[in-house]
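My entries follow in the order in which I looked.

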Amino acid sequence: MSDNDIKLEIDGREVEVPAGSTVLDAARKLDIEIPTLCMDDRVDPAGCCRMCLVEVEGQRRLHPSCAYPAAEGQKVATHNDRIDRHRKGLLSLYKADHELDQHGRPVSRGVHNRLADYLDTYGTGPALTPVDAPRVARSESLETNPYIQFDPESCVVCGLCVRYCDEVEAVSAISLVGRGSGTTIGTADQRSLLDTSCELCGGCIAVCPTGAMTEKPSVTRLPQLQPPKAPTSKVRTTCNFCGVGCQLDLHTEGDQVVRVTSPKPGTTLNDGNLCVKGRFSYEFIHHDERLTQPLVRGEDGQLHPTTWEVAIQRVADGLRQVEARHGTDALGFVSSSRCTGEENYLMQKLSRAAFGTNNCHQCAAT
Amino acid sequence: MEKKGAKRKVVLQLLEEHGGMRPGVARKVSEETGVPEADVYGVASFYTLLSRPGAKTRVCQGLTCVMAGAEQVIAELKARGEEVEAVSCLGQCDRAPAAIDAKLELIPGAPSGGITPSHDALAIDLAGEDDPSYAAFDKARDEGPDWIIEQLKTSGLQGRGGAGFPAHIKWHAVRTQAELTRYVVVNADEGEPGTFKDREIMLRRPHRMIEGMAIAAWVAGAAKAFIYVRGEFRDCIRALEAAIAEAGERLDWLDIEIVEGHGAYICGEETALLEAIEGKRGMPRLKPPYPTEKGLWGKPTLMNNVETLACVPEILSRGGEWFKALGKTEAGSKLYCISGHVGRPGIYELPLGVSLDELVEAAGGYVGTPKAFSPGGASSGFLPMDLRGEPLDFGGLAKLGSMLGSAGVVVLNDTVDMAVAARWQQIFFEDESCGQCAPCRIGCRVQRQAIDKFLDARAPESLGHVEEVAWEMDAGSICGLGMVASLPLQSAMKYFGEEFDHE
Ligand SMILES: Cc1cc2nc3c(=O)[nH]c(=O)nc-3n(C[C@H](O)[C@H](O)[C@H](O)COP(=O)(O)O)c2cc1C
Ligand code: SF4
Ligand code: SF4
Ligand code: SF4
Ligand code: FES
């Protein structure tokens with residue numbers, strides 16, 4: 001342990017954390033569960049959802065553990081009657097501000113429904129009538145982007161999407177808009193995301209605790225209010241759109257891929273992040289015109305299925321013929337950003353060493 | 001993540017110049033500043049003078065103005081086909097019902113209220129002649145910062161912005177920071193319903209406040225001072241500019257910048273105010289860290305209310321003991337704003353700790369049969385008349401579950417329905433919540449709907465959850481607004497229970 005370590009006590013248990021840690025960091029080290037809605041390790045804490053409040057000895061008010069600095073000798077309580085009453089009261093308020101299903105549970109169209117989870121775990125205080133907040137969100141008919149859906153009535157205004165877009169993507173396509181009970185998420189002049197700096201990375205979806213930001217294609221195929229048509233499961237794979245090697249979790253329904261997410265932040269090299277291709281470009285998997293085997297054009301001008309051996313031989317013959325007729329520099333080799341670094345290397349090897357031309361290029365090299 | 005070289009600080013000013021939140025304006029301001037467009041739009045949408053721009057009459061719907069017939073004024077203007085908007089308290093309660101025109105200038109109505117005639121035992125002395133000599137500053141500089149802080153300590157000066165925090169502690173805290181770039185900020189955002197004292201200081205004694213600010217800057221080691229004035233106080237801004245010009249080279253060493261507010265009560269909260277100066281949405285920050293440690297752009301910042309700073313020159317001229325002795329139950333003389341059902345609404349400088357009866361006596365007596373009063377603005381809730389003899393000070397009122405706050409005292413007589421009065425205060429808090437944290441964002445709306453529903457049907461069961469929701473707003477909110485936002489309704493129910501039973 002370094003000299004910087006801070007010793008504190010949480011729920012009567014001692015723990016040591018490095019300087020600069022928060023109370024939440026320390027609690028996690030002890031596997032003490034503290035509910036959170038507005039925090040994500042990838043962005044700075046905002047302390048605004050108030051879900052994670054704890055009692056710090058000597059402090060009159062409750063403080064957000066996600067932002068409160070751990071300090072030497074500090075004594076923290078993460079559950080007692082006061083905190084319990086606070087959590088219940090807060091959850092009552094969230095519930096009154098949220099779209100509910102016919103069973104009175106918060107609706108989420110995404111993969112997370114943390115509000116519902118916390119309601120199950122911590123219960124509620126007073127049963128309040130829905131507040132019908134005066135939120136002015138983008139009109140659905142104008143929001144023509146194909147990928148990202150925003151349901152203001154499932155939003156807890158935690159601001160994570162905004163902070164992610166700013167602090168991680170450095171795009172700032174969205175912002176908190178309005179004030180008071182009307183506060184919601186919007187774009188400049190409430191335009192479609194397509195007319196903003198948005199890169200459609202879907203990171204705002206990934207961080208959303210309540211599925212207010214969701215994958216539009218998944219929602220239209222998978223109305224969450226109905227039971228799934230076939231058992232769902234998750235399959236880990238590597239994205240093959242580029243050589244970075246992001247890990248993907250393919251969510252499948254029967255043999256259909258219905259949604260793509262990243263593994264949890266901190267567990268794979270993409271740290272919870274994906275780009276528009278990895279997250280959304282999976283329609284081709286089930287596309288009618290998808291190539292699933294090598295095709296070679298026959299004398300009749302039509303493409304015919306064949307084996308890899310035949311197809312590769314055909315390419316080799318063709319290249320040699322061009323070389324013989326017009327010289328090596330009549331050839332050019334273009335490889336794809338969907339190839340790995342090794343594959344790209346081999347492609348330029350083929351170009352330079354096997355054929356002796358520098359006419360080689362890669363689609364992402366411009 | 002701020003882009004390098006982005007000129008965020010001028011975002012609000014540019015938004016105003018381009019006419020507020022209209023299509024295309026966010027893009028223009030974004031191009032001019034390098035701040036992302038969505039961000040600019042989000043900022044614009046926060047401030048009512050920007051999000052609801054336009055040439056129109058803005059009529060105050062603060063409690064005092066409503067009691068004085070603001071609703072009729074609105075109806076009449078509308079009937080004449082004028083564009084009107086009802087807005088939160090304009091800080092003109094002594095001339096209720098108040099309104100401002102398209103250029104935010106006060107529409108001449110009743111003359112401004114009464115003030116205490118000048119005499120010797122007053123720290124502010126609104127009626128006295130403003131003194132541009134800056135002699136107190138010269139004396140302070142000769143005596144040195146330790147002496148100044150010692151005098152403030154002896155004087156017992158408590159912050160006049162609402163919290164009553166001892167001034168000398170903040171001054172000392174900023175002075176002793178390791179970081180050497182420091183700022184001084186004057187909080188002139190005066191927005192607490194019922195409060196209009198800072199307005200009159202800026203109009204009548206601008207030098208007194210500026211001198212206090214200069215002393216603060218000198219003690220804090222700040223080369224730059226900001227005065228954040230609510231945008232609706234056009235005449236105050238002019239008075240300050242004139243006084244700064246008049247002070248001339250005496251203040252050359254200090255860079256003074258007046259920053260205008262754009263319509264958001266919450267920007268009176270110190271950390272929201274810092275965000276506003278920085279060109280952001282005025283959402284309060286988490287504390288700790290406190291502004292004395294990490295304030296404007298992360299630098300130590302000394303912020304005081306207009307009245308607090310205006311007390312300083314006389315404290316230093318005449319000594320801390322002199323100031324302390326001016327008080328009754330707590331130190332100093334105090335500007336009490338009084339409006340509502342009294343003979344001569346206005347601002348009366350009295351010993352800190354006078355009772356309501358003593359204050360009202362100075363203000364020309366009660367009008368009608370008094371029933372309730374608010375001792376310190378909307379945030380202090382309502383008290384019944386049997387507490388009329390209690391000292392109006394920081395400590396005593398806090399013990400009663402109320403507060404002196406900004407000393408915006410409002411008197412209500414028996415023509416007022418307490419449920420209706422409570423509703424106007426709850427409307428104020430719902431309109432002015434910044435919306436950052438759920439307890440306040442949702443809670444303010446819940447409370448307002450509860451009293452609405454009660455008034456619709458006089459059904460007491462609609463008030464069944466008021467207490468529990470209030471508890472959570474107090475426990476869970478980030479800032480003082482959410483913590484006290486249920487008080488008007490709670491206190492009305494507590495002290496005037498019979499009006500909430502049934503009909
Ligand atoms: C919701 C809210 C509104 C406030 N409004 C004002 C205000 O309009 N003017 C002011 O001076 N202080 C206001 N304050 C108090 C400030 O946060 C701060 O305490 C004060 O400016 C410090 O100066 P002082 O120590 O001289 O009082 C407000 C506080 C809260 C929580
Ligand atoms: S998709 Fe990515 S770039 Fe677009 S708003 Fe969401 S986080 Fe920002
Ligand atoms: S959309 Fe999701 S991430 Fe964004 S503020 Fe709402 S709940 Fe939070
Ligand atoms: S308590 Fe209200 S005003 Fe204060 S930060 Fe929370 S939402 Fe904003
Ligand atoms: S997770 Fe700490 S306040 Fe939201």
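Predicted model: local features only at pLDDT ≥ 70, side-chain atom pairs only at ≥ 80, totals over all residues.

**Entry 1: the interface**

I began with the area, and chain B and chain A bury about 3,900 Å² between them, 56% of it on carbon and sulfur atoms; buried area here is the accessible area (1.4 Å probe) that two parts lose on being put together, summed over both. Residues are numbered from 1 along each chain as its sequence is written, chains are lettered from A and ligands numbered from 1 in the order in which they are written, and side-chain values use heavy atoms, with hydrogens and water left out.

Counting contacts (heavy atoms within 4.5 Å), I found 51 residues from chain B and 52 residues from chain A taking part.

For salt bridges, meaning a side-chain nitrogen of Lys or Arg within 4 Å of a carboxyl oxygen of Asp or Glu, the rule finds three across the interface of chain B and chain A. I looked up A:Arg85, which forms a salt bridge with B:Glu468, with the closest N and O atoms 3.0 Å apart.

I then asked which elements of chain B give two or more residues to the side that touches chain A. They are helix 2 (25–33), helix 3 (37–44), helix 18 (418–432), helix 19 (438–457) and helix 20 (466–476) of chain B; helices (H or I, at least four residues) and strands (E, at least two) are DSSP runs, numbered from the N terminus. The largest share, nine residues, comes from helix 19 of chain B.

**Entry 2: a parallel sheet in chain B**

In chain B I followed an open sheet of four strands in the order 7-6-5-8, with parallel pairing; two strands pair if DSSP finds at least two bridges between them. Strand 7 (255–260) and strand 8 (301–305) of chain B are the edge strands, each pairing on one side only. Neighbouring strands of this sheet are turned by 20° against each other on average, direction ignored; the axes are lines fitted to C-alpha atoms, for helices over the stretch in contact, and angles run from 0 to 180 degrees between N-to-C directions.

Strand 6 (residues 224–229) of chain B is joined to strand 7 of chain B by six bridges, and B:Lys224 stands opposite B:Asp255 in strand 7 of chain B. Across strand 6 and strand 7 of chain B lies helix 12 (residues 234–247) of chain B, running at about 170° to strand 7 of chain B.

Helix 12 of chain B also holds B:Arg238, which forms a salt bridge with B:Glu105, the closest N and O atoms being 2.8 Å apart. I placed B:Glu105 in the loop between strand 3 (99–100) and strand 4 (114–115) of chain B, so that this pair links distant parts of the chain, 133 residues apart. Over all chains, a search of the whole structure finds 52 salt bridges.

**Entry 3: an antiparallel sheet in chain A**

In chain A I looked up an open sheet of three strands, in the order 10-11-12, with antiparallel pairing. Strand 10 (232–238) and strand 12 (256–261) of chain A each have a single partner strand, so one side of each is left without a neighbour in the sheet. Strand 11 (residues 247–253) and strand 12 of chain A pair over five bridges, and A:Thr252 has A:Val257 in strand 12 of chain A as its bridge partner.

**Entry 4: backbone exceptions**

Most residues other than glycine have a negative phi, and most peptide bonds are trans. I found a cis peptide bond between B:Lys287 and B:Pro288, with omega about -5°, and another cis peptide bond between B:Pro288 and B:Pro289, with omega about 0°. B:Pro288 lies in the loop between helix 13 (270–277) and strand 8 of chain B.

A:Asp132 lies in the loop between helix 3 (114–122) and strand 6 (148–150) of chain A.
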